[in-house]
Amino acid sequence: MIKSFTRRLALVAGGAALTLGGAGLTQIGKAYAQGEVKNGGRLKGVLRFTGEAPAEDAVSISKDSHICGVGEVNPNPLTIGADGALKDGVVALRKVASGKPWPVAMTQPKVDQKRCLFEPFVQVAQKGADLTIVNHDPLLHNIHTYEQIGRARRTLFNIAQPMAGQTDVAPLKMRRGFVVEIDCDAHNWMSAWIYTADHPYVAATGADGLFDLTDVPAGDHELVMWHPILGEVTREITLAAGETLDLSLDMKA
Amino acid sequence: MKLASLLFAGLALIFAALVQVALTKHAAAQYISPDPQAFAYGQELYARECSACHGAEGEGDGPGAKYLSQRPRNLTLGVFKIRSTPTGEFPTAQDLFDSITHGLAGSNGAQMPGFASLSEADRWALVEVVRTFAWMDQEGTAVEVPRRPETANLELGRQVYERLQCAACHGDEGHGDGASSLTLKDDDRRRIFAASLVSGSYKGGDAPEEIWTRFYTGLDGSPMPSYAGRASHDELWALTEYLLTLRAEAGASQEEKQ
């Protein structure tokens, strides 16, 4: 019962902070401070997949073929381009207390549902941001978001969108996790992911596997590589003031 | 443990005072004021009545867990099915009290027993323990259930059932056998089926207002989504009346058979 005892204390303290600050327990901790970055560095390079590709998952399209089509879909594909370039990967720093201002795009994540697929498959966003969800299909989708915490997942919200043109905006009220899993219970092959961070030094890779993080505060950083089916890999880096690091990063199955 | 409790009580008092000051400044903030005594007592009750399924620390891993097809909730994740509050929000303390009183029994299995035999004070003490496991620093805000109209428009209800595509999971006749029901998973990634809307009990109660609230707010932790704002109040009440007749008719034909 010791754990619940300390949690009890934290909760009571959290309640005090909550009522004082107007933010939930989930938001407690130092917030990211935006400002000008003087003499920052740059982290750029390419993310690659090396090694043997894991077996493909295939889910057959079992319903609503008039909109969703026919055949099989891999809900979580591993897309590898020229020279091993890894698409849909994420390169991020783990902790940054202060740095450049948030780009608007990261504060306004959005997911579209078209022909029974989510777009985009992987994106990055500010932790705790509001997610906009649009259904373009004339049939029921239910947008079901989960926060991943270790191997567990917890529903963040689950909203039915039975009609085309429906738009909802809902907050990603996360706790200590970073990864948001999105699925549609009505169509079990639909899958999308949002990698969130409490600072803007995070990027998702396109088909060329390239990433480019600018105005990074100099110093020691923990670098995180993530992919929906490859999981997470971290490594330490040191960035000097004004330095550009050109990195070749590898992920394996 | 004695020393810890004393220390805890002292600290809690200080914090409670802080909260009190803060509360008077921000009347809008919802916070259930902590009651250290009820909490200590609740912990004993929890260890006796609940930990066999939910585990000593509320993580859903008690020794009895493996005998159940639906996992005893990992209470630390703070996700609850039976809520009068919008999807993604914490339940109210009353919601938790009701779940502990009645248990959760539905067509997916009757695996969370009810504890109506415990005194009311005991059940409130358990609410406090659950709230703590769940890191619940706020109560959710209950949605307002509009008044039930005097007349039931069953034809409209059937149309709304179709338009909102409940059948995708629950099936055309409500037997829980829609095309999507075959591929549903809950938060624990375990198989789950859409509830039968025809027979068996409902996890959140059978009263018309309770049924209305279930599809309006969804059952977080399961695939059952929230339909808040997806039809007018009249239409959602017509849908509720339709669901009530599905069960009443099934009940009637069952009686005929006997």
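Helices (H or I, at least four residues) and strands (E, at least two) are DSSP runs, numbered from the N terminus. The structure described here is a predicted model, in which local features need pLDDT of at least 70, side-chain atom pairs count only at pLDDT 80 or more, and totals for chains, interfaces and linings use all residues. Residues are numbered from 1 along each chain as its sequence is written, chains are lettered from A and ligands numbered from 1 in the order in which they are written, and side-chain values use heavy atoms, with hydrogens and water left out.

**Chain A: backbone features**

Cys116(A) lies in the loop between strand E7 (110-114) and E8 of chain A. Its relative accessible area is 0%, so Cys116(A) is buried; buried means under 20% relative accessible area, exposed over 50%, and partly exposed in between (1.4 Å probe, protein chains only). Asp64(A) belongs to the loop between strand E3 (59-60) and helix H2 (65-68) of chain A, and with 23% relative accessibility it counts as partly exposed. Most residues other than glycine have a negative phi, and most peptide bonds are trans. Against that background, Cys116(A) has a positive phi near 65 degrees, and Asp64(A) has a positive phi of about 50 degrees. The peptide bond from Glu119(A) to Pro120(A) is cis, with omega near -10 degrees. Pro120(A) is placed in the loop between strand E8 (117-119) and strand E9 (122-126) of chain A.

**Chain B: overall organisation**

Chain B has nine helices and two strands, arranged along the sequence as α-α-α-α-β-β-α-α-α-α-α. Of its 258 residues, 50% are buried. The domain assignment, which is automatic or taken from a database, gives domain 1 (36-133) and domain 2 (154-257) in chain B. The centres of these two domains, taken over C-alpha atoms, are 24 Å apart. Contact means heavy atoms within 4.5 Å; 21 residues of domain 1 of chain B are in contact with 20 residues of domain 2 of chain B.

**Chain B: helix packing**

Helix H5 (residues 120-133) of chain B packs with helix H2 (residues 36-49) of chain B and with helix H4 (residues 93-102) of chain B. Axes are lines fitted to C-alpha atoms, for helices over the stretch in contact, and angles run from 0 to 180 degrees between N-to-C directions.

| Helix pair | Angle | Axis separation |
|---|---|---|
| H2(B) and H5(B) | about 90 degrees | 8 Å |
| H4(B) and H5(B) | about 115 degrees | 9 Å |

H2(B) and H5(B) are therefore roughly perpendicular to each other, a term that covers angles of 65 to 115 degrees. Residues that meet across this pair include Phe39(B) and Tyr46(B) in H2(B), and Leu126(B) and Phe133(B) in H5(B). The residues of the contact of H2(B) with H5(B) comprise nine nonpolar, three polar and two charged. Here Ala, Val, Leu, Ile, Met, Phe, Trp, Tyr, Cys and Pro count as nonpolar, Asp, Glu, Lys and Arg as charged, and the others, Gly among them, as polar.

**Chain B: helix H8**

Eight of the ten residues of helix H8 (residues 208-217) of chain B are buried, so H8(B) is largely enclosed by the rest of the structure. One of the buried residues is Trp212(B), which has 0% relative accessibility. Among the residues that Trp212(B) touches, not counting residues up to four places away in sequence, are Val143(B), Pro146(B), His233(B) and Trp237(B). Just after H8(B), Gly218(B) takes a positive phi of about 75 degrees.

Definitions and conventions: Parallel < 35°, antiparallel > 145°, perpendicular 65-115°, else oblique.
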